[in-house]
Amino acid sequence: MVDKPLILRKVAELDQYLGQMKEYARISVEEYQSSWKTQRIVERTLQMMIETCVDVAGHIISDRAFRTPTSYSDTFKVLHENGVLPKDLFTKMDKMAKFRNIVVHQYGNIDAEIVVGILKRDLDDFLGFQKAIVSLLEQDHEEQSPVIDR
């Protein structure tokens, strides 16, 4: 049985991070590049958002005994293979996981245009992930609720 309160706490954390990132959604590439503080806040918060999604996915994968993912990005593929994430959302979350690896492992300079693009266009992908997870939890609840014949 999936730990629904834990997953809902993680979904709430993700919602909090989203609110924080919306403060930066209108930043220009130049503004982003000129402030190391902004870079640090945005990159670290995006990393935490992606890791929160991976953590939620991991709980679901473990609970459902889906195949074990081989990487962060594969975690989202496992959810897609099992009908939890639609293909378009899987593709977006896969890219987010790869972006997270660049941030964490510092594989060269982080492209400011990519980061600003995420802020301007891709934050809603996290909302899509939230909705898919909440929908899954609601389906689980419906399947577990007893049916009473009258």
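At 37% relative accessibility, Lys92 counts as partly exposed, a class that lies between buried (under 20% relative accessible area) and exposed (over 50%), with a 1.4 Å probe and protein chains only. The model is predicted, so local features need pLDDT of at least 70 and side-chain atom pairs count only at pLDDT 80 or more, while totals for chains, interfaces and linings use all residues. Residues are numbered from 1 along each chain as its sequence is written, and side-chain values use heavy atoms, with hydrogens and water left out.

The partner of Lys92 is Asp125, and their side chains meet in a salt bridge at 3.7 Å, N to O. The pair links distant parts of the chain, with Asp125 in helix α6 (residues 112–144) and Lys92 in helix α5, 33 residues apart. Helices here are DSSP runs (H or I, at least four residues; strands are E, at least two), numbered from the N terminus. With a relative accessible area of 8%, Asp125 is buried.

A salt bridge is taken as a side-chain nitrogen of Lys or Arg within 4 Å of a carboxyl oxygen of Asp or Glu, and a search of the whole structure finds seven of them. Salt bridges that share partners join Arg67, Asp74 and Glu81 into one network. Within it, Arg67 and Asp74 meet at 2.7 Å, N to O. Asp74 is buried because its relative accessibility is 9%, whereas Arg67, at 35%, is partly exposed. Another salt bridge joins Asp63 to Arg64, with the closest N and O atoms 3.9 Å apart. Here Asp63 is partly exposed at 28%, and Arg64 is partly exposed at 29%.

Helix α5 (residues 87–105) also holds Phe90, which counts as buried at 12% relative accessibility. What is Phe90 in contact with, leaving aside its neighbours within four places in sequence? Its contacts (heavy atoms within 4.5 Å) are Ser73, Phe76, Lys77, His80 and Leu85. The C-alpha atoms of Phe90 and Asp125 are separated by 9.6 Å, although the two residues are 35 apart along the chain.

Turning to helix α4 (residues 72–81), its buried residues are Ser73, Asp74, Thr75, Phe76, Val78 and Leu79. Just after α4, Gly83 takes a positive phi of about 75 degrees.

Helix α2 (residues 29–33) contains Glu30, and this residue counts as exposed because its relative accessibility is 56%.
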